[in-house]
Amino acid sequence: MIQLRARGLLPDLNVTALNGQSSQTILQDQYCHGWERSRSLPLLSKDPLMWRTIDMHNELNVSNYRPFYLHDLCEEAIRRSCGNLVDINVENFGTNFLLKYLADREKGLKRLRLVGSHRITDEGFRKVASEFSLLEDLDITLDKDISRETIALVGRSCPLLKSFKFNKQWFIDDCKKAERDDCAFAIAGNMQGLHHLMLFRNQLTNKGLSVILDGCPHLESLDLRQCFNLKLGGKVGRRCADRIQKQRLPQDSIRGIDPSYNLDPKW
């Protein structure tokens with residue numbers, strides 16, 4: 001597992017190799033001295049099997065926000081995997097170009113997590129969605145909308161998808177009460193194999209939730225926190241209680257939620 005966390009001018013790289021040992025130099029040394037010229041690079045870092053999991057973070061701080069520098073590191077990590085990558089987490093620096101680079105090289109990806117990457121657009125994600133046919137776990141937590149068409153395409157292109165997290169980081173005041181069931185219909189119509197679904201701060205209504213319950217018969221867990229358009233005191237709420245083994249309701253606390261989502265604490 002490769003973990004890269006950006007802090008300051010150069011990232012503090014915590015690289016965990018397959019044997020459980022750590023190194024601070026694998027990519028930092030090469031970035032500073034040239035990918036091919038560094039002689040101190042451990043041989044293990046050239047083994048594609050070392051790069052099956054990549055976990056990259058950019059801490060949100062104006063003074064150290066260097067997305068293009070992180071792109072270089074991430075692309076190099078992807079290149080070194082030689083198609084063996086199965087799990088990648090990109091936080092706060094992803095772009096459409098990086099997604100395309102990933103899609104062109106990694107056809108066996110099983111888990112994709114994109115958090116806070118405001119340079120990833122709906123169009124950019126739609127262009128690559130069909131390339132991840134073996135995906136089982138997808139987390140899209142962004143401050144931009146991903147359309148119904150893109151979600152539907154993901155569902156059709158990823159028949160093995162078992163877990164889908166589709167969250168919003170921020171509320172826009174004018175949109176908090178807006179009702180939208182289009183994405184719920186896309187999920188229900190194209191992701192029938194889901195076992196786990198998280199829709200944090202989604203604008204779906206009881207109608208959209210009912211459609212999801214109809215279209216996703218294998219659901220075991222359902223997280224609906226801060227989906228304030230839902231009214232679960234009636235039939236739909238009873239259906240959730242009867243069917244879903246683990247559910248989080250709109251008014252439930254967000255305490256304990258993954259801190260990497262960088263959620264607006266105001267709500």
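The model I worked from is predicted.

**Overall**

I started with the chain as a whole. I counted eight helices and 11 strands. Of the 267 residues in the chain, 50% are buried. I then looked at contacts between residues at least 6 apart in sequence, and 71% of them join residues at least 24 apart.

**α6 with α7**

I looked up helix α6, residues 182-190, against helix α7, residues 206-215. Their axes lie 8 Å apart and the packing angle is about 5°. The two helices, α6 and α7, are therefore roughly parallel to each other. On the α6 side I listed Ala184, Phe185 and Ala188 as the residues making the contact. The α7 side supplies Lys207, Gly208, Val211, Ile212 and Gly215. By class, I noted five nonpolar residues, two polar and one charged in the contact of α6 with α7.

**α5 with α6**

Next I took helix α5, residues 148-157, and its packing on α6. The axes of α5 and α6 come within 8 Å, and they cross at roughly 15°. With the limit for roughly parallel set at angles under 35 degrees, α5 and α6 are therefore roughly parallel to each other. I recorded the crossing of α5 and α6 as right-handed. From α5, the contact takes in Arg148, Ile151, Ala152, Gly155 and Arg156. From α6, it takes in Asp182, Cys183, Phe185, Ala186, Ile187 and Asn190. I sorted the residues of the contact of α5 with α6 into six nonpolar, two polar and three charged. Phe185 of α6 is on my list for α5 and on my list for α7.

**α7 with α8**

I then moved on to α7 and helix α8, the latter spanning residues 235-243. Here the axes are 10 Å apart and the angle is about 35°. The division for the contact of α7 with α8 is four nonpolar, two polar and three charged.

**Aromatic rings**

I searched the whole structure for aromatic pairs and found one. Phe164 and Phe166 form that pair, with 5.7 Å centre to centre and 10° between the planes. I classed the pair as stacked. Phe164 has a relative accessibility of 1%, so I counted Phe164 as buried. Phe166 has a relative accessible area of 9%, so Phe166 is buried. The limit I applied for buried was under 20% relative accessible area.

**Ser253**

My last entry is for Ser253, which sits in the segment after β11 (246-248). Its relative accessibility is 43%, so I put Ser253 down as partly exposed. I set aside the neighbours of Ser253 within four places in sequence and found Ser253 in contact with Arg225 and Arg248. Ser253 and Arg225 are 28 residues apart in sequence. In space, I have Ser253 and Arg225 at 7.6 Å, C-alpha to C-alpha.

Notes: Residues are numbered from 1 along each chain as its sequence is written. This is a predicted model: local features need pLDDT of at least 70, side-chain atom pairs count only at pLDDT 80 or more; totals for chains, interfaces and linings use all residues. Side-chain values use heavy atoms; hydrogens and water are left out. Axes are lines fitted to C-alpha atoms, for helices over the stretch in contact, and angles run from 0 to 180 degrees between N-to-C directions. Helices (H or I, at least four residues) and strands (E, at least two) are DSSP runs, numbered from the N terminus. Angles under 35 degrees count as roughly parallel, over 145 as roughly antiparallel, 65 to 115 as roughly perpendicular and the rest as oblique. Contact means heavy atoms within 4.5 Å. Ala, Val, Leu, Ile, Met, Phe, Trp, Tyr, Cys and Pro count as nonpolar, Asp, Glu, Lys and Arg as charged, and the others, Gly among them, as polar. A crossing is left-handed if the near helix is turned anticlockwise from the far one by less than a right angle, and right-handed if clockwise. Rings of Phe, Tyr and Trp (its six-membered ring) pair if their centres lie within 6.5 Å; planes under 30 degrees apart count as stacked, over 60 as edge-to-face and the rest as tilted. Buried means under 20% relative accessible area, exposed over 50%, partly exposed in between (1.4 Å probe, protein chains only).
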